Amino acid sequence: MIANYGYMDGSGEYYITIDTDKCAECEGKMCIAACPKGLFVPIEDDYGEDVVEIDSGKVKELKYQCMDCKPTEKPPLPCISACTPGALKHSW
Amino acid sequence: MTKEYWRWDEKCWKDESMDPKSAGIISAGIDIGSVSSEAVLCLDGKFYASNTIRTGSNSPTSAKDALKPLLEYTGIAYENLDYIVGTGYGRVNIPFQDKAVTEIACHGRGANYMVGPSLRTILDMGGQDCKAIHVDEKGKVTNFLMNDKCAAGTGRGMETIADLLKVPITEIGDRSFQIDTPAEPISNVCVVFAKSEAMAMVKSGKTLNEVLASYCKAMADRVTQLLDRIGVEKEFFITGGISKNRGVTERIEENLGIKAVKPKDARLDPQTAGALGAALFGFVLASKKGSKKASRKGQTL
């Protein structure tokens, strides 16, 4: 499943996309520790897979939550680097 | 008393041809949305009855208010329910549910039941959020996107315009087509901006129908942007309260160049898709993991 967490507002589109089929195969879930804002939380989804989702209390603030990691001079993002199965994408 | 222009029909319905006494598994689904709450009963995985009410000020009361009249209407005792699944915005606060399932998964399964295995894209236009969902032939979600950050493109936005212009919400769809000139653009980013622009249009001499057309167009454009992000595959189906507003749905179809399908059984209400999906999850859970009926023995709602 492709899960898109985020929003669209007057300033743009801010989505983090998680491919849960890839995420479910990852045992380490290193993205959880890698994100300095604690955006990723482990869950069992509706189909019984152990995956991560974006913290529901932070999902409407993604533009601001991710701001510190976003300067173009220090790619790649910590969450993307930590995600060994390549399940994560940012839309902005 | 001030007229409530936003008010829509609250109703109980059941399939008279079905008999709950002969059912092996009775499952209930309760969808506590931000604006409306629905309860659905399924008999052996088949849709039997539904109730739609306005969500009150707290989720536990709304859940009870949705389910209790439906049980009385159908003559089914609370203690005979094999499985109760809660979903929607208020799902974590339903005290008598056996399990909570996300509204994304429930809409997928409920819409699949209503349309059939050819369904691939669902647009759920809810009270305070909007969801674009892709499903496979079994109704399992393969891709989803939800926007619940603002009221643009939602039922709450439409209620606001109904009250502002003093037009009953059930008439908005038809009236939005009773215009001589194409709808003028209006803000699709924010309901507050749209409300200001709507008032400005009224003051500039536009008719109410022209303003309604502009608002319906703005709403359709907004959700089309959402759908564009995940793409639209046939068959395409619209659920939620706004699915009953042709002023919005026909403009979405025009934007996409695709006609939305209707439920295969015309008696099925697309507004109840989430609760139906929850009841279907309940049926599967009761079949695989066993009935929870014993935990309700001797209890009433």
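Predicted model: local features only at pLDDT ≥ 70, side-chain atom pairs only at ≥ 80, totals over all residues.
What pLDDT does chain A average, and what percentage of its residues score at least 70?

## Confidence in chain A

Chain A averages a pLDDT of 92, and 97% of its residues score at least 70.

Within chain A, helix H2 (residues 31-34) has the highest confidence, with a mean of 97. Strand E1 (residues 2-9) of chain A has the lowest, at a mean of 91. Keep E1(A) in mind, as it returns below.

Let's turn to strand E9 (residues 141-147) of chain B. Of its 7 residues, 5 are buried, so E9(B) is largely enclosed by the rest of the structure.

Which strands pair with E9(B)? One is strand E8 (residues 130-135) of chain B, which runs antiparallel to E9(B) and is joined to it by 6 bridges. You can find this pairing in your viewer by looking at His134(B), whose bridge partner in E9(B) is Asn143(B). E8(B) and E9(B) form a hairpin, with 5 residues between the two strands. In the turn, Gly139(B) has a positive phi of about 90°.

Another partner comes from the other chain: E1(A) runs parallel to E9(B), and 3 bridges join them. Here, Ala3(A) stands opposite Phe144(B) of E9(B).

## Where the chains meet

How many residues does each chain bring to the contact? Chain A contributes 16 residues and chain B contributes 21 residues. Between them, the two chains bury about 1700 Å², and 53% of that area lies on carbon and sulfur atoms. On the chain A side, Met8(A), Asp46(A) and Tyr47(A) together supply 38% of the area that chain A buries against chain B, which is more than any other three residues.

## Polar links across the interface

There are 8 residue pairs in polar contact between chain A and chain B, counting pairs with both residues at pLDDT 80 or more. The interface also has 1 salt bridge. It brings together the side chains of Arg229(B) and Glu13(A), with 2.9 Å from N to O.

Which elements of chain A give two or more residues to the side that touches chain B? They are E1 and strand E2 (12-19) of chain A. E1(A) gives the most, with 8 residues.

Technical notes
Residues numbered from 1 in each chain as written. Chains lettered and ligands numbered in written order. Heavy atoms only, no water. pLDDT = per-residue confidence, 0-100. Helix = DSSP H or I, 4+ residues; strand = E, 2+ residues; numbered from the N terminus. Buried < 20%, exposed > 50% of the residue type's maximum accessible area, 1.4 Å probe, protein only. Pairing = 2+ DSSP bridges. Contact = heavy atoms within 4.5 Å. Buried area = accessible area lost by both parts, 1.4 Å probe. Salt bridge = Lys/Arg side-chain N within 4 Å of Asp/Glu carboxyl O. Polar contact = N/O pair within 3.5 Å; in protein donor to acceptor, adjacent residues only side chain to side chain.
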